[in-house]
Amino acid sequence: MGLDYDKVKNWPQPLVTQEYSERDSILYALGLGAAMSNPPAAEDLRYVYEGVAGGELVALPTMSAVLALPHFWMQDPEAGIDWQKILHGEQFLRMHAPMPASGRVRSQCRIEEIYDKGADKGAVLIQTRDLIDDVTGTLIATIGASVFMRGNGGFGGKSEGAPKPHTLPADRAPDATLDLQTRPEMAAIYRLSGDYNPLHVDGVVANNAGFPVPILHGMATYGVAGRAIIKLLCAHDASRLRVLNCRFANPVFPGETIRTEVWHQGEGIAGFRCKVVERDLIVLNNGYVEFSS
Ligand SMILES: CCCCCCC[C@@H](O)CC(=O)SCCNC(=O)CCNC(=O)[C@H](O)C(C)(C)COP(=O)(O)OP(=O)(O)OC[C@H]1O[C@@H](n2cnc3c(N)ncnc32)[C@H](O)[C@@H]1OP(=O)(O)O
C-alpha cells in the first residue's frame, strides 16, 4: 500500500491532557514485573507501595512514555496506513525532571519525518512529543518513537536521515548484566496502563498476526530494560536516569527472562541491549543510556 506523505505528515495531532494517580503509577510498575517476590525487594517497594518506610512512592521514568498519548489515529482508514502491519521500531526518552507519582500532564505529538525504506521493507515514521506537568508547566520528558510501517514502503520518499542506531562495543563482554523474569500474565496487566492492542492478550489476534501466542508490548520490554538500567547504573535511584534510547529487534513472549547487558562508554554514558535468555535472542538492541552520578 502506498502512502500519502503530506496527509500523514500533517495528520492533526490533538493536545492530550491526562490526570493520573498513585494507583496508576503502581499499576504501571506491576505491569513491568516489579514486586515479583514476597515481600517485594526493598529497592522495588518504592514503586509499588505508597507507605514505603522513610520515603514516598516513586514513579518509574519510562511511565512518561505512556501518559497523555493520543488515540491510536493510525487505525483511521483515512490515513491509509496498513496498521495491522505496523511495529514499534525505536524508542527515545530524555528526562528533564523526575516523574511525579501522580498529577496532571499534557502532551502533543509532532510527526517529524517519514522515511521510505522501499516497498519490500516499509516506511519509518518518526514522532516526538514533550510531556509537560499541566499544573506547574514543568517540562518532564521529551519522548520520541519510530513506527515501522511494514505495509507502506515504496511511496517515493527519502530513505536517509533517520536517527542512526547507537553502536555497541563488539570487541568486549558487557561490564554488567541483570536477568529480570517476566510473568505469563504480564501483558494482561501492562495493557491496563493504556495500550489495549488485542495482539497482546487475544490468542486468535496473535495467530492472525503470525505469532503462536500474544507478545509482550514493546513498551513493556522497554520498561523492564529501564528497571534493569536503574538497578545496574543508577544505584536504584530512578531520578538519575536521563536518556534511554533503543531499537526493538524482536518481540518477547510473556513469561520469558529478559537479560540486560550494559557497557560503560564514558562518564555517565552506557550502551545496552536485551536478550531473551530462553531463546538466546536479542530483543532490544543499540541501546543508549545517559545517567547522572
Ligand atoms: C509510539 C507508537 C507506537 C505504535 C506501534 C503500535 C504497535 C504495538 O502495539 C505493537 C508492538 O508493540 S510491536 C513489539 C515491539 N516491536 C518489535 O518487536 C519489532 C521488532 N523488530 C523487527 O521486527 C524488525 O527489526 C523490523 C521489521 C522493524 C525491521 O527489520 P527488517 O525489515 O529486517 O529491516 P532491516 O533490513 O534490518 O533494515 C531496513 C531499514 O530499516 C531500518 N531499521 C531496521 N530496524 C529498525 C527498527 N527497529 N526501527 C527503525 N528502523 C529500523 C534499518 O536501519 C534500515 O535502514 P537503512 O537501510 O537506512 O539502514
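## Two domains

The protein you see above is divided into domain 1, residues 1-163, and domain 2, residues 176-291. Keep in mind as you look around that this is a predicted model. Taken over C-alpha atoms, the centres of the two domains are separated by 14 Å. How many residues does each domain bring to the contact? Domain 1 supplies 27 residues and domain 2 supplies 28 residues.

## The nonpolar cores

Now let us look inside. The largest nonpolar core has 57 residues. Among those with the most contacts inside this core are Met63, Met99, Leu131, Ile229 and Phe272. Which helix gives the most to this core? That is helix 6, residues 218-233, with nine residues. Where does the core sit relative to the domains? Both domain 1 (1-163) and domain 2 (176-291) give residues to this core, so it lies between them.

There is also a second, separate core, made of 15 residues. Met74, Ile111, Ile114 and Leu125 are included in this second core.

Setting aside residues up to four places away in sequence, Met63 touches Tyr20, Asp24, Ser25, Tyr28 and Met99.

Next, find Ser193, in the loop between helix 4 (186-190) and helix 5 (203-208). Is Ser193 buried or exposed? Its relative accessible area is 18%, and buried means under 20%, so Ser193 counts as buried. Leaving out neighbours within four places in sequence, Ser193 is in contact with Leu27, Tyr28 and Val66.

## Around the ligand

Finally, turn to the ligand. There are 21 residues around the ligand, and those that come nearest are His88, Gly89, Lys117, Lys121 and Phe248.

For His88, a backbone N or O atom lies 3.0 Å from a nitrogen atom of the ligand. Arg247 has a polar side-chain atom 3.1 Å from an oxygen atom of the ligand. In the side chain of Asn197, an N or O atom is 3.3 Å from an oxygen atom of the ligand.

Methods
Residues are numbered from 1 along each chain as its sequence is written. This is a predicted model: local features need pLDDT of at least 70, side-chain atom pairs count only at pLDDT 80 or more; totals for chains, interfaces and linings use all residues. Side-chain values use heavy atoms; hydrogens and water are left out. A nonpolar core is a set of buried Ala, Val, Leu, Ile, Met, Phe, Trp, Tyr and Cys residues joined through side-chain atoms within 4.5 Å. Buried means under 20% relative accessible area, exposed over 50%, partly exposed in between (1.4 Å probe, protein chains only). Helices (H or I, at least four residues) and strands (E, at least two) are DSSP runs, numbered from the N terminus. Domain bounds come from an automatic or database domain assignment. Contact means heavy atoms within 4.5 Å. A residue is near a molecule or strand if one of its heavy atoms lies within 4 Å of it. A polar contact is a pair of N or O atoms within 3.5 Å; within protein, one must be able to donate a hydrogen and the other to accept it, and residues adjacent in sequence count only if both atoms are side-chain atoms.
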